[in-house]
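Work through the exercises below with the model open. Each task is followed by a solution in steps.

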Amino acid sequence: MLGTACLLGLGSAILYTTSFSLTPVNALRNGVGRLPGASPDSIKSRQCNIDEDLVLEAAQLMVSLGLQTAGYEYVNIDDCYAEKNRSETGDIVANSVRFSRGMNNLTDQIHALGFDSGWFTCGGYPGSFQNELRDARTFQDWGFDYLKFDNCAIPFDDVIREGMIGKFTRMADALAHLSKKSGKPPFLFSLCQWGWVTGDISPNWDSLTLIINFNSFITQATDFHGRNDMDMVGNGGLTFDEAKSHFTAWALMKSPLLLSAITPEILEILTNTEILAINQDPVVGKSISPFRWGVNPDWTSNSSFPAQYYSGPSENGSVFMLLNTLNETSDMFFNLTESPWIRAGRGYSVRDLWTHTENGTAIRNFTATNVPPHGVVALLLKDAGNEPEGIFPPCAVPSCSFENGTIFA
């Protein structure tokens, strides 16, 4: 059952018809979109082979399989829900075969299960350029909560006369205007510039390392209310260890977690509550970032062998991800103070977020042994007080100074 009822995912697109303009409205800071979205996505596994029964079945499976309890809160469709043409009055129309009972019937059932719903279109279906407010009203009337806006079907330059920011600002302004006028919460608005941060993901290790490498250089862009979308998780075609690395990197880099095809094996990974807690941290919105590249010199861009050593802050301590990009089992060593989130002269308790075990106290350094090929280690380090007196050498870094200024090296 798990393999056949693939879970579903997001947003909207752009094309062009009639024109209108809006006075810009500031985005609302009411908690919507503060944390990464977590939801299923249909396009990789189902393409256009979807209908209202499959969407509802996906929502019911999310409940029965524990995904809702784990924190996945949206049930979304990625494309193919509309007719190819707008109505005579210019509105997007739900597909009369796939969604014959109407969108409100479906979204009412999704909401009754405790989920929000979201939608996307591209691939030759009506888009929203110069119809932003009209479509936003339609989506709101249909009971949608999440809008994925893709960079599809761009008009000719003499029609659009906008840059990348301008194209997306039109819909952002429409959503804010609609929320203010209707008094309803705004949509969770997800932007897509030609397929996520690096183009669409593929179900293989090379695709994962390409995305991780690219994202490792732009982690500073991620925080509350905005984050780098790394595309879907649960894509299949990976070893178990690769799937763990996939989910860990996406979650700790604070990407939205959009689920694709799910197998019984992958379900265990997708419901790791300790990893999900980092992704959904209510206090710290920042991504982990590399502090050492490992295989390559620091700051080297390598789509096959990205950075291996990452850390970042969290509500409950410092998070570390050690990614073995090699094709062989490896031990992975680092000095604690290589991470900017660690204080010198302190010991740190170590919790393994995959084995769910307390692994003692790290003093000055840590070694993860026997990390499998393409495998990952995820750790949470908490300050455990001063390190023991009399440790030699007196500093973990290559050189430090005595009180009189003499260098110890």
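**Exercise 1. Helix α5 and its partner**

Task: determine the hand of the crossing of α5 and α7, then the angle and the contacts.

Solution. Step 1: the crossing of α5 and α7 is right-handed; a crossing has this hand if the near helix is turned clockwise from the far one by less than a right angle, and is left-handed if anticlockwise. Helices (H or I, at least four residues) and strands (E, at least two) are DSSP runs, numbered from the N terminus. This is a predicted model, in which local features need pLDDT of at least 70 and side-chain atom pairs count only at pLDDT 80 or more, while totals for chains, interfaces and linings use all residues. Residues are numbered from 1 along each chain as its sequence is written, and side-chain values use heavy atoms, with hydrogens and water left out.

Step 1: α5 (residues 132–141) and α7 (residues 164–182) pack at an angle of about 50°, and their axes are 9 Å apart. Axes are lines fitted to C-alpha atoms, for helices over the stretch in contact, and angles run from 0 to 180 degrees between N-to-C directions. The two helices are therefore oblique to each other; angles under 35 degrees count as roughly parallel, over 145 as roughly antiparallel, 65 to 115 as roughly perpendicular and the rest as oblique.

Step 2: on the α5 side, E132, L133, A136, R137 and Q140 make the contact. On the α7 side the residues are R170, M171, A174, L175, H177, L178, K181 and S182. Contact means heavy atoms within 4.5 Å. An α-helix has 3.6 residues a turn, so residues three or four places apart point the same way.

Task: how many residues of α5 are buried, and what do the buried residues pack against?

Solution. Step 1: 7 of the 10 residues of α5 are buried, so this helix is largely enclosed by the rest of the structure. Buried means under 20% relative accessible area, exposed over 50%, and partly exposed in between (1.4 Å probe, protein chains only).

Step 1: the buried residues are E132, L133, D135, A136, T138, F139 and Q140. They pack against β4 (146–150) and α7.

Step 2: just after α5, G143 has a positive phi of about 90°.

**Exercise 2. Helices α8 and α9**

Task: which term describes the relative direction of α8 and α9?

Solution. Step 1: α8 (residues 205–216) and α9 (residues 240–252) pack at about 20°, with axes 11 Å apart. They are therefore roughly parallel to each other.

Step 1: the crossing of α8 and α9 is left-handed. In α8, W205, L208, I211 and I212 meet E242, S245, H246, A249 and W250 of α9.

Step 2: T209 also lies in α8 and is buried, at a relative accessible area of 0%. Its C-alpha atom is separated by 9.1 Å from that of H246, 37 residues apart along the chain. Neighbours within four places in sequence aside, T209 is in contact with S303, S304 and P306.

**Exercise 3. Aromatic rings**

Task: how many aromatic pairs does a search of the whole structure find?

Solution. Step 1: the search finds 19. Rings of Phe, Tyr and Trp (its six-membered ring) pair if their centres lie within 6.5 Å; planes under 30 degrees apart count as stacked, over 60 as edge-to-face and the rest as tilted.

Step 1: F139 and W142 form a tilted pair, 6.4 Å centre to centre with 50° between the planes. Both residues are buried.

Step 2: F291 and Y309 also form a tilted pair, at 6.1 Å and 55°. F291 lies in strand β7 (residues 289–292) and Y309 in strand β8 (residues 309–314), so the pair ties together parts that are 18 residues apart in sequence. F291 and Y309 belong to one aromatic cluster with F320, F334 and F366.

**Exercise 4. Backbone geometry**

Solution. Step 1: most residues other than glycine have a negative phi, and most peptide bonds are trans.

Step 1: K254, not a glycine, has a positive phi of about 65°. K254 lies in the loop between α9 and β6 (257–259).

Step 2: a cis peptide bond joins F392 and P393, with omega about 0°.
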